[in-house]
Amino acid sequence: MAFSIILLLLFAVQGAEGSQIVGGRDAIPHSRPYMVSLQIQGRHICGGVLIREDFVLTAAHCDLSIPFTVVLGADKLEATEPATQRFRVLRSFSHPDYTDLANDIMLLKLSSRANLTKEVQLISLKSDHLRMGSSCITAGWGDIGDNRTMANRLQEVNVTILSPSTCQKKWRDVSIAKSMVCAIGARRSQGFCSGDSGGPLVCDGASAGVVSFSGRRCGDPRTPDVYTRVASFRQWIDKVLNEN
């Protein structure tokens with residue numbers, strides 16, 4: 001089971017050729033203006049969200065030695081869109097207690113402040129806990145078919161929050177911490193996949209989670225998608241933002 005998780009993370013960090021969430025749908029162009037594409041040499045690697053004009057929230061396992069280009073305002077990654085804005089990363093802040101699966105969260109300080117437009121907007125952070133059965137959305141440019149199929153546009157999919165006990169029962173060989181939250185799609189093969197790492201779990205219009213890890217097969221309800229719970233790290237996030 002642990003090997004399955006690591007395999008998915010490796011594909012995500014190294015850059016899967018696929019670019020869509022599995023079992024999802026095309027997002028209305030620029031309907032999620034907080035979405036961020038982290039790219040290396042024009043290739044999408046991870047997702048993220050803009051939480052301040054000069055800060056992006058993503059996953060710690062997306063931290064690479066090769067510098068990112070941060071792309072805002074995108075819908076189609078293959079096209080050059082007038083709305084896009086590009087930035088270098090001035091500094092990355094992985095959570096100090098990040099280890100493989102735990103505390104998988106990171107903040108990126110941009111080289112300059114983004115210009116907020118209709119296509120580029122901030123997303124708020126959810127501070128309260130999620131209720132079991134809540135309906136949320138995850139979005140990204142990850143693999144569409146769990147087979148490295150290239151995407152055309154940003155994808156999104158509806159997911160339902162699982163109770164911690166249900167999630168732990170399914171992930172028998174992996175410890176699911178209180179700082180994690182699990183969700184599944186309405187049917188098999190719905191959820192995030194390689195390349196969606198760092199993207200958001202959006203609940204009530206706010207960022208409630210960060211795409212972290214899943215099982216060998218994307219969207220498999222036997223190994224629900226696991227997100228880093230944003231509310232568990234609000235104090236750390238606020239500290240980094242206030243000091244920078």
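**Exercise 1.** Which cysteine forms a disulfide with Cys46, and how far apart are their sulfur atoms?

*Solution.* Keep in mind that this is a predicted model.
- Start with the sulfurs: those of Cys46 and Cys62 sit 2.1 Å apart, and the cut-off for a disulfide is 2.5 Å, so the partner is Cys62.
- Next, check the torsion: -90° about the S-S bond makes this link left-handed.
- Then place the ends: Cys46 is in strand β3, while Cys62 is in the loop between β4 and β5, 16 residues apart.
- Finally, look at accessibility: Cys46 comes out at 0% and Cys62 at 0%. Buried means under 20%, so Cys46 is buried, and Cys62 is buried too.

**Exercise 2.** Work out what the link of Cys136 and Cys203 ties together, and its handedness.

*Solution.* 
- The S to S distance is 2.0 Å, so we've got a disulfide under the 2.5 Å cut-off.
- A torsion of 110° about the S-S bond gives a right-handed link.
- Cys136 belongs to strand β8 and Cys203 to strand β11, so parts 67 residues apart in sequence get tied together.
- Cys136 is buried at 2% relative accessibility, and Cys203 is buried at 1%.

Technical notes: Residues are numbered from 1 along each chain as its sequence is written. This is a predicted model: local features need pLDDT of at least 70, side-chain atom pairs count only at pLDDT 80 or more; totals for chains, interfaces and linings use all residues. Side-chain values use heavy atoms; hydrogens and water are left out. Helices (H or I, at least four residues) and strands (E, at least two) are DSSP runs, numbered from the N terminus. Buried means under 20% relative accessible area, exposed over 50%, partly exposed in between (1.4 Å probe, protein chains only).
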